[in-house]
Amino acid sequence: MNRKPWLLVLALLPACSSATGEDTDTVDTSQLHSPTCSQSSVFQFTPDAGAEAVARAKLDALGIDATVTWGHQRGTLATAWELGLELDCKDPTSDASARVLERLAGIPEVFRLVAHEWVGSPVPCSALPNNAILGFTRRSLAGLQSYNDSFSVLLRRNGAALSIHFINAQYLPDVVPGLEEFAKDCPSLSVQDGMAVLHKEELHYDTFAWCAHTGSGTYRAAPPDVLTIQKPSWTWTEHSGGVELQVGARAALTVAPVHHTPSLLSSNANCPWNTVAFSLVFDPVHQTLLSQNPGVDCIVCASGG
């Protein structure tokens, strides 16, 4: 059974009844509550301990003799070999990625995903060779974008037929108890508040000369730099008991040309050429900076980006 990861605040109960034999005070359960995203940016998820047994029983019932490993912290499968799940590719022009999502979503006891939360690159069934690999990323979880969840499949071809032979996955289940309620009031971070945070923070970068590391430097945001902030999204990390989900607002700070210095222009923040920027993640609840990286969607000299 799923256990809701509620943080409960309990009143202390007397150790025993009073000498007069009167009943002890009762706990007012109306005061028990779980924190919401307006109060905390972190959510703890403890997976269903019985999910693996359910998945294996379903595979047995379908006559699928697959070799499965399980992600116990996440409560979803990690790998599965010899699946042999045939895709509905009778129309050779149909999208193989869509057919994969439909097939996996059709066995929720095993794969614990819903198709509309995921996206893969469209490709016609007829265009795929034998041993083709398709990758998928999650678009949303409990109404927010998710950046950690992904899986890939290896497809086998037998004439015109395609089937899923292998899956390698790292994702949370389609239902995380309590998460949707937690996330419904997640605040957005304004540009003004984001810039106020950055005015107190030093952003770090490394400098290079022909890809040889020459040093490091720091930069502090100032007008007329431009900050672009995305809506809140999830990142998560595994620990021994489950998963910790963190609400973050991804952002990009583009440094105005008036602030370009020789140091910045020779750094891994300068990517592409003469666009100096930093990739950032804010905690929109506590209005703090969670992470920073020089450059946006790029790598400079491989060792520095």
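**Disulfides, sheet and rings**

Mentor: With a disulfide defined as a pair of cysteine sulfur atoms within 2.5 Å, the count comes to 3 disulfides. This is a predicted model, in which local features need pLDDT of at least 70 and side-chain atom pairs count only at pLDDT 80 or more, while totals for chains, interfaces and linings use all residues. Residues are numbered from 1 along each chain as its sequence is written, and side-chain values use heavy atoms, with hydrogens and water left out.

Trainee: What is the handedness of the link between Cys89 and Cys125?

Mentor: That link is left-handed, with -55° about the S-S bond, and the sulfur atoms of Cys89 and Cys125 are 2.1 Å apart. Cys89 lies in the loop between E3 and H2 and Cys125 in the loop between E4 and E5, 36 residues apart. Cys89 and Cys125 are both buried.

Trainee: How far apart are the sulfur atoms of Cys271 and Cys298?

Mentor: They are 2.0 Å apart. Cys271 is in the loop between helix H6 (262–265) and strand E13 (277–283) and Cys298 in the segment after strand E14 (288–294), so the pair ties together parts 27 residues apart in sequence.

Trainee: In what order do the strands of the open sheet run?

Mentor: Two strands pair if DSSP finds at least two bridges between them. Here 6 strands form an open sheet in the order E2-E3-E8-E7-E5-E4, with antiparallel pairing. Strand E2 (67–71) and strand E4 (118–120) stand at the edges with a single partner strand each, so one side of each is left without a neighbour in the sheet. E4 pairs with strand E5 (residues 132–138) in the antiparallel sense over 3 bridges, and Phe136 in E5 is the bridge partner of Gly120.

Trainee: Which strands does helix H2 touch?

Mentor: Contact means heavy atoms within 4.5 Å. Helix H2 (residues 96–105) packs on the sheet and touches E3, E4, E5, strand E7 (150–158) and strand E8 (161–170).

Trainee: How is a pair of aromatic rings described?

Mentor: A pair of aromatic rings is described by the distance of the centres and the angle of the planes. Rings of Phe, Tyr and Trp (its six-membered ring) pair if their centres lie within 6.5 Å; planes under 30 degrees apart count as stacked, over 60 as edge-to-face and the rest as tilted. By this rule there are 8 aromatic pairs. The ring centres of Phe151 and Tyr171 are 6.1 Å apart and the planes stand at 55°, so this pair is tilted.

Methods:
Helix = DSSP H or I, 4+ residues; strand = E, 2+ residues; numbered from the N terminus. Axes fitted to C-alpha atoms, helices over the stretch in contact; angles between N-to-C directions. Buried < 20%, exposed > 50% of the residue type's maximum accessible area, 1.4 Å probe, protein only.
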